[in-house]
Amino acid sequence: MTGVSDRLTRQGTAPTPGILHLGPGAFFRAFLAQYTHDAMATSGGDWGIVAASLRSPAARDQLGPQDGVYTAVTLAPAGEEMRTITSVTEVMVAPEDPSALVARMADPAIRIVTLTVTEKGYCHAPATGRLDLTHPDIAADLADLAQPRSAPGFLVAGLRARRNAGLAPFTVLSCDNLPANGALVRGVVVDFARAIDPELADWIEAHVAFPATMVDRITPAITPDDLDRVAARLGYRDEGAVLHEPFSQWVIEDDFPLGRPDWAAAGAQLVASVEAHETMKLRMLNGTHSTLAYLGYLAGHQTIADAVADPPFADLCRKLWHDEIIPTVPRPEGEDLPAYAAALLARYRNPAIRHRTSQIATDGSQKLPQRLLGPIRETLAAGHVPKGLCLAVAGWMRYVGGIDEKGLPIKLRDPLAGRIGALCQPGDSPADRVDALLGLDAVFEPALAATPAFRDTVKDAYTRLVRDGARAAVLDYLG
Ligand code: CS2
């Protein structure tokens, strides 16, 4: 199944581009590109997507020969469904020609720049949400913005090019799992601009819209076996295929001065404020996802579905939601939090999805603050000790130590891996290990790290994890 005639190509004319997207990975293809495809199919509009990767050429190598067209595979318990998505019109690889990407951002046809660059792509300090001026890519971009490397660098260079050309700015739409992602990306862009050109920073603050979004669709990484299975079903090979669950939710703050696709026609919720939805999703879904990732992995579970098929881990989710997370979540309009929790468990159980705990465990330093530490801080302030969330933090500490419960190495994938590794000294006591990791102020804000109830509870949990293992520690928490 090689040969040009066997491969996926575009049938018909490509839409005219209106969106430039940074980060054309699986989540983008399973989510934003599909919503945009559906919006154009229903309501029209020139909203084709120029997608640019900031690092690897993989997306271009996969999608380029297919004219940007790919298959999205819905993994439902009853079977798979496949659709062809045609909203991506071009794929660029930023490092091959950074100034070409900046020039494209200054094309007046581009009215929105969207991002799925993952948490670490914003180059911020996770504990504070502010731009990390010491980040190597930021330092390089601040020194020379002619050839940017980072997402904030590209956004500032693109906005500067538009201002210099007398054009209205594009709208910046972050679609990553960060709290107040609109304000966060605005903050890093303005911080960056202020460091090189205060007038540009003022112009951005006055004129650029950064709407917030809540994005939700579980998208497990595709494997070579999956690609073979999809090829057998399609009759041709699709190197750009993506897998995703049936469920999808997109809540968008409706602030697009230069217009937007009719995403509502594709099922998105356009609202005045996203905050409550974002808190619900980050704490209830992503918080338990990370908990299952660390504790489940340590207990030997390879996927989320495997973990929640083990009764203590399903009970762990239920208890966390009921006792510790829901009390910190304001109820968004139109949502019922206990029903949302029950639906999450059903999504986790979907046997058609092999969502690896190791995939979710990636980049924990960037995820912990909004997923676990925020609700911990608020629960402590309300006078209670959230033992289950502290156990999850201890699970992360045990995981980043780099050795699993069978003594096998864990490959730590995290932008702070070097710093974390240096804090984990072989032979240190559990209390010393916890003290050392709590000193990582990019993750743990000092006031929280210094709170005795937090420190002591994490130490107890970590000691138990080392002594008895993750499954026993979960059972102990369940009481
Ligand atoms: C996961 C998310 O990998 C992770 O950290 O928690 O990617 C999760 O699957 C999505 O946010 C679901 O919308």
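**Exercise 1. Work out where the ligand lies relative to domain 1 and domain 2.**

Start with the shell: the ligand is surrounded by Asn177, Asp216, Arg217, Ile218, Lys281, Asn286, His289, His355, Ile360, Lys367 and Arg371 (near means a heavy atom within 4 Å). Next, bring in the domains, whose bounds come from an automatic or database assignment. Domain 1 (17–271) and domain 2 (275–478) both give residues to this shell, so the ligand lies between them.

A word on the model: it is predicted, with local features needing pLDDT of at least 70 and side-chain atom pairs pLDDT 80 or more, while totals for chains, interfaces and linings use all residues. Numbering runs from 1 along each chain as its sequence is written, and side-chain values use heavy atoms, leaving out hydrogens and water.

**Exercise 2. Find which helix gives the most to the shell around the ligand, and sort the shell by residue type.**

Look at the helices first (DSSP runs of H or I, at least four residues). Both α10 (275–298) and α15 (364–381) supply at least two shell residues, and α10 gives the most, with 3. Now sort by type: 2 are nonpolar, 4 polar and 5 charged. Here Ala, Val, Leu, Ile, Met, Phe, Trp, Tyr, Cys and Pro count as nonpolar, Asp, Glu, Lys and Arg as charged, and the others, Gly among them, as polar.

**Exercise 3. List distances from ligand oxygen atoms to Asn177, Arg217 and Lys281, then say how much of the ligand is buried.**

Take the side chains first: an N or O atom of Asn177 is 2.9 Å from a ligand oxygen, and a polar side-chain atom of Lys281 is 2.6 Å from one. Arg217 uses its backbone instead, with an N or O atom at 3.0 Å. As for burial, the ligand alone exposes 340 Å², and the protein buries 89% of that (Shrake-Rupley method, 1.4 Å probe).

**Exercise 4. Describe the salt bridge between Arg55 and Asp137.**

A salt bridge is a side-chain nitrogen of Lys or Arg within 4 Å of a carboxyl oxygen of Asp or Glu. In this pair, the closest N and O atoms are 3.0 Å apart. Arg55 sits in the loop between β2 (48–53) and α3 (58–63) and Asp137 in helix α5 (residues 136–143), so the pair ties together parts 82 residues apart in sequence. Finally, check accessibility: Arg55 is exposed at 55%, whereas Asp137 is buried at 13% (buried is under 20% relative accessible area, exposed over 50%, partly exposed in between; 1.4 Å probe, protein chains only).

Technical notes:
A polar contact is a pair of N or O atoms within 3.5 Å; within protein, one must be able to donate a hydrogen and the other to accept it, and residues adjacent in sequence count only if both atoms are side-chain atoms.
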